[in-house]
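Subject: Structure handover

Hello,

Here is the structure I promised you. Please open it first, then read my notes below.

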Amino acid sequence: MLSYQHAFHAGNLADLHKHALQAWMLDYLTAKPKPLSYLETHAGRGLYDLSGAEAAKTGEAAAGITRALSENWLAADHPLRRALSDIRARHGGTAYPGSPLIAAHFLRPDDSAHLAELHPAEHQALSQVAGFAHLHRQDGFDMAQALCPPTPRRGMLLIDPSYEIKADYQTIPGQIAKLARKWNVGVIALWFPILTDDRQAAMVTALTHAHPEALLSQVRFPPARPGHGMVGSGMLIINPPYGLTNEARRIEALYDRL
Ligand SMILES: C[S@@+](CC[C@H](N)C(=O)[O-])C[C@H]1O[C@@H](n2cnc3c(N)ncnc32)[C@H](O)[C@@H]1O
């Protein structure tokens, strides 16, 4: 039974890290006039309202994207700012895009998109806003293993699990090894939390040993509430696009002030 709901966390400091890198990669990949494939294993509902009860309850968006915008952490022409402006023009000033709608901002009619979301209510909400993509109500890794290598071969896969199943930390390196073998030119991006008990550490070590050329970007921030277990955000990116390392270091520097 899935209980995680991203609405409580949308626009937090982890989303900012993940979405800034996701938007930058999609902006880079879509600069070439060649179609691409975009795959997501754990899509969420696609669109969030930061004036809703969920965001108010945790205050995570206020400490994340809302603060980042008011303090101009990202330049006005940063790909994430551009995607956010587009979404807010369409859906209102307190809207926040999940990763599928960030992707939708950049994808072109000839690009192919596949999104997996297993939770019935999240999947239903996603279907209202993700007409650009093929939606799959199935396990995201099963979808990715079935589709890889996708057509077209250029493109990226975002893996953003909720880590509700503790075994995820053990199984993810094997899943990613298989995907990287099948789709050796794909940009494969995994998000993971940095936790006070370092539960993610063995997974990250296994991944960096197996994929020594991958880009590892990690940021740390204060917990959302006293005692909250998440104190940072990580992204591991296999086949990082040219220039992404510099962008990652720029984003990481933003967190040094926290
Ligand atoms: C962290 S949220 C996704 C957030 C989204 N990627 C974003 O950045 O806007 C993780 C999502 O994965 C879904 N989920 C959990 N287990 C799944 C599975 N095995 N396959 C597909 N989706 C799953 C959850 O319902 C949840 O909506």
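Where is Asn72 found? Asn72 sits in the loop between helix H3 (60-70) and helix H4 (79-91).

Two points before you go on. This is a predicted model: local features need pLDDT of at least 70, side-chain atom pairs count only at pLDDT 80 or more, and totals for chains, interfaces and linings use all residues. Residues are numbered from 1 along each chain as its sequence is written.

**Overall fold**

The protein chain has 10 helices and nine strands. Its radius of gyration is 17 Å, close to the 18 Å that the globule rule gives for 258 residues, so the chain is as compact as a globular protein of that length. That radius is taken over C-alpha atoms, and the rule is 2.2 Å times the number of residues to the power 0.38. Along the principal axes, the C-alpha atoms fill a box of roughly 40 × 40 × 40 Å.

Buried residues make up 46% of the 258 residues. A residue is buried if 20 or more other C-beta atoms lie within 10 Å of its own, exposed if 12 or fewer, and partly exposed in between; C-beta atoms are placed from the backbone.

Now the contacts (C-beta atoms, placed from the backbone, within 7 Å). Take those between residues at least 6 apart in sequence: 78% join residues at least 24 apart.

**Around the ligand**

The ligand is surrounded by 19 residues. To count, a residue needs its C-beta atom, placed from the backbone, within 6 Å of the molecule. The closest are His42, Gly44, Gly98, Ser99 and His119. The shell divides into five nonpolar, nine polar and five charged residues. Nonpolar means Ala, Val, Leu, Ile, Met, Phe, Trp, Tyr, Cys and Pro; charged means Asp, Glu, Lys and Arg; the others, Gly among them, are polar.

The unreviewed UniProt entry has a "binding site" annotation, which covers His19, His42, Ser99, Glu117, Asp139, Gly140 and Asp160. UniProt positions are given in the numbering used here, feature names are shortened, and annotations may be inferred rather than shown by experiment.

Look at two of these residues. His42 lies in the loop between strand S1 (37-40) and strand S2 (47-49). His42 is buried, because 23 other C-beta atoms lie within 10 Å. Leaving aside neighbours within four places in sequence, His42 is in contact with Ala116, Gly140, Ile159, Asp160, Pro161 and Ser162.

Ser99 belongs to helix H5 (residues 99-106). Ser99 is buried, because 25 other C-beta atoms lie within 10 Å. Beyond its neighbours within four places in sequence, the contacts of Ser99 include His19, Glu40, Gly44 and Asp160.

**Backbone details**

Pro152 is in the loop between H7 and S6.

Back to Asn72. Asn72 is not a glycine, although its phi is positive, at about 50 degrees. With 9 C-beta neighbours inside 10 Å, Asn72 counts as exposed. Tyr163 also has a positive phi, near 55 degrees. Tyr163 lies in the loop between S6 and helix H8 (168-182). With 20 C-beta neighbours inside 10 Å, Tyr163 counts as buried.

Best wishes

Conventions
Helices (H or I, at least four residues) and strands (E, at least two) are DSSP runs, numbered from the N terminus. Two residues are in contact if their C-beta atoms, placed from the backbone, lie within 7 Å.
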